[in-house]
Amino acid sequence: MSQALSRLHDAVCNGSFRGIEGLVQEALDAGHTALQILNLALAKGLEEAGARFERGEYFLPNLMMAAKAMSTAMAVIQGRLATEGAAQVSGGTFVIGTIQGDIHSIGKEIVAAMLEASGFRVIDLGVDVKPHLFVERAVEHSADIIGISALMTTTMTHQQKVIEILKERGLRDRFKVIVGGAPVTASWAQRIGADDFATDAVSGVRKARRFVER
Amino acid sequence: MATLRILTEEGVHRIHEATLELLANTGVKVGESRVRQILLRNGCRDLGSELLGIPRELVAETMLRPQAPLVLQGTDPGRSLTLDGSACYLQNFGSVSVVVDLDSGDLRDATYRDAVDMARLLDALPHCHHAGPLVLPVDMHPRKAKLAAAVATLLYTGKPVSLGAVSDAQEAELCVEMSRVVSSPERPIGRISISPISPMTFPTDICEAIHVAAVSGLPLLGLPCPIRSMGAPLFLAGALLGQNTENLAFGVMARLVNPEVKLMHTSRIGTPHMRTGAKAGADPDVGVAGACMAQMARYYGLPSNVYGMDTGALVSDAQAGLEKAANTLRPMLAGADQISGLGQLGGGLVASFVQAVVDDDIFSFLSHHLQALTVEPGTLDLAGFRRVVGEGESFIIQEATLEALNAGDVWTPGRISAPGSWDEWAADGRKTAHDRARKFARDLLASDPVRYRDDHQEAALNAIVEAA
Ligand code: B12
């Protein structure tokens, strides 16, 4: 690996997102294509960060900073990737949001960042999202998975509505549905017919990966 | 009666100075609302993107003046609390929709019946000095559930009460209406809690709720809940700064609406699991943060209300006992006026009758640490020594022994304490602290309920819930 690429790899792995645009530019100036930068430096760097996290060497902020470094660098080469005709490599598309009536955003944002870090294209719908919007955005973005966050037992019930709408519109088989949030349980997920559930980001991402790898 | 200080004077001052700097120059996000207009009229600077800079002078004018001791009125006047720094009081946790079933020990959704039962239990626990809706029922419409839980509290306790946390003007108005049903002009009953969003965000609905609540004149609890590394820095000092700044911003807003409004300074700092990002449970910093915010509260001449009786434990076990006791003791010694958390488990996601009884006992035990030790001739009891050593009497028959007992010099074992000997314990079926706590809760709930409102008041309260 050239020096420029290895610096970029390390920057992503170490989560050094500030100024990473400059390193991308250096790699481009050194004659690397956007695809080389993505595959040899960025993706590998993020993979290494993920491995360190799995081994317990990294904390959550290490991983989230690596994800931030990745997305900052990607923004620089996005345009070139398209002109180079490279197909967007993605681990799948994940539509995520906090359900109607609920404004708890923190957990959902962690999950979104971790998903991005593990290669998902993430469409974050924000908080207080109406059930039908989950369905419509998932269709619009050809998502693989819909993730619904609820932090209150009082708003959890709306998670069920998303699944009902999917069924009504004959779309239930098109998407996997993962429900999440501190009060969500296995029996709740089962009762409402979700495909899976998670009460922390790490297991959530692991479960999401399993769905797209199948 | 603070005996413990974690922050040095310099530390308190630095947090205060940084707070003024944040408020003035970084600013606070304030959604379009009556409160925003009032802030602008009072010299706050529009920094763009909803941010308002609150100038130092305005903070000084509104917040750096002493507040008369806050009296939280109970329906039983004897149970009213005066928060003047002379004592530390316990209150329950709030708004939990999952309970540990008293009979099966399993988790299940909370019902209105649980809200009533919990209110009765809180009323009966001597060290739960302030009661609020611990349980949020799920067997009714969410909009009604919050109010119904507050009504259950009002019906079944004579202690000072929290009417719960409100998120918009309408909820605030309904709480004020409920308070009116049970209050007299000289004895307003009920406290309202309102949470902005950390960091430094006061959306329109929250601002309107603050307006309504402040106008009502009821005591207010501004409850920012900064989660470290997300809503505030991970450094505990930085998290304290976030909490302090949001508390003061809340105070400025409320005091501009109503200069007479009674406030409390709070600590609700949470720490997520830094490897999984899972929900905030309880770690030693809960106690440290509570102690520090109690110090900050004194700096502002405000009573404090902090987390402490919290645990991440899922059942009433040793972990629960350790975390709750350790995190309550520090703020208690640092002079906190109120400590929150009675009855919660699982980082606040579970409510437990048994744990409520246990927590009451823990608090009784810890409170004894606050007892002032008086060293004077009477308590040294030289005369007693003379009579015992010189004249062959026994200490137990000395008048001073009774005096000491009456003065509360000795802690009396609580409800969950084991009987004195192994034999006694074995003969009694080897019951655990958990068994004893459960028996107390069961016996209490099997007895006739004590009601604190007449039929007319009850009908009026129920009508407010129905109208929601
Ligand atoms: C911080 C907080 C707030 C902040 C939110 C700030 C924000 N920007 O999000 C504020 C102060 C604004 C707030 C407001 C309220 N809150 Co609140 N809040 C909390 C608190 C203390 C922590 C939540 C948190 O951020 N945890 C840290 C993150 C990292 O963990 P997490 O959210 O659980 O997320 C992880 C997992 O759950 C999972 N996950 C989450 N979502 C998803 C989604 C998917 C797809 C997957 C796979 C995984 C996943 O992964 C995440 C990372 O590991 C909880 C208590 C608790 N123990 O959860 C109460 C809590 C959730 N709140 C509660 C309440 C009642 C409220 C209010 C109604 C109070 C009020 N009236 O003011 C309002 C609600 C307003 C509304 N309409 O939503 C209750 C809910 C009770 C219930 N009925 O179930 C709780 C449980 C506290 C309590 N017992 O009283 N709150």
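Helices and strands are taken here as DSSP runs, numbered from the N terminus, a helix having at least four residues and a strand at least two. The structure described is a predicted model.

**A loop in chain B**

With strands defined in that way, B:M200 is placed in the loop between β11 and β12 of chain B. Although B:M200 is not a glycine, its phi is positive, at about 55°. B:P199 is also assigned to the loop between β11 (191-194) and β12 (201-202) of chain B, and the peptide bond that joins B:S198 to B:P199 is cis, with omega about 0°.

**Domains of the two chains**

In chain A, the domain assignment gives domain 1 (3-85) and domain 2 (90-213), and the C-alpha centres of these two domains of chain A lie 27 Å apart. Contact between them involves 7 residues of domain 1 of chain A and 7 residues of domain 2 of chain A. The size of an interface is often given as the accessible area lost when the parts come together. For domain 1 of chain A and domain 2 of chain A, the area buried between them is about 630 Å², of which 78% is on carbon and sulfur atoms.

Chain B is likewise divided by the assignment, into domain 1 (70-371 + 457-467) and domain 2 (377-406); the centres of domain 1 of chain B and domain 2 of chain B, taken over C-alpha atoms, are separated by 45 Å.

**Helix pairs**

| Helix pair | Angle between axes | Distance between axes |
|---|---|---|
| α5(A) (106-117) and α9(A) (201-213) | about 45° | 9 Å |
| α4(B) (112-124) and α5(B) (142-156) | roughly 35° | within 8 Å |
| α9(B) and α10(B) (318-333) | roughly 15° | within 7 Å |

In chain A, α5(A) and α9(A) pack at an angle of about 45°, and they are therefore oblique to each other. The crossing in which α5(A) passes α9(A) is right-handed. On the side of α5(A) the contact is made by A:I110, A:V111, A:M114 and A:L115, and on the side of α9(A) by A:A201, A:V202, A:V205 and A:A208. Sorted by class, this contact of α5(A) with α9(A) has 8 nonpolar residues, with no polar and no charged ones.

In chain B, α4(B) and α5(B) also form a right-handed crossing. Residues B:Y112, B:A115, B:V116, B:A119, B:R120 and B:D123 of α4(B) meet B:A148, B:A149, B:V151, B:A152, B:T153, B:L155 and B:Y156 of α5(B). The contact of α4(B) with α5(B) has 10 nonpolar, 1 polar and 2 charged residues.

The crossing of α9(B) and α10(B) is right-handed. The residues that make the contact are B:P284, B:V286, B:G287, B:V288, B:G290 and B:A291 of α9(B), together with B:N327, B:R330 and B:P331 of α10(B). By class, the contact of α9(B) with α10(B) divides into 5 nonpolar, 3 polar and 1 charged residues.

**B:D283**

B:D283 lies in the loop between β14 (263-267) and α9 (284-299) of chain B. When neighbours within four places in sequence are left aside, B:D283 is in contact with B:R228, B:T271 and B:N327, and B:N327 is also one of the residues through which α10(B) meets α9(B). B:D283 and B:V138 are 145 residues apart in sequence, and their C-alpha atoms are 29 Å apart in space.

Conventions
Residues numbered from 1 in each chain as written. Chains lettered and ligands numbered in written order. Predicted model: local features only at pLDDT ≥ 70, side-chain atom pairs only at ≥ 80, totals over all residues. Heavy atoms only, no water. Axes fitted to C-alpha atoms, helices over the stretch in contact; angles between N-to-C directions. Parallel < 35°, antiparallel > 145°, perpendicular 65-115°, else oblique. Left-handed = near helix turned anticlockwise from the far one by under 90°. Contact = heavy atoms within 4.5 Å. Nonpolar A, V, L, I, M, F, W, Y, C, P; charged D, E, K, R; others polar. Domains from an automatic or database assignment. Buried area = accessible area lost by both parts, 1.4 Å probe.
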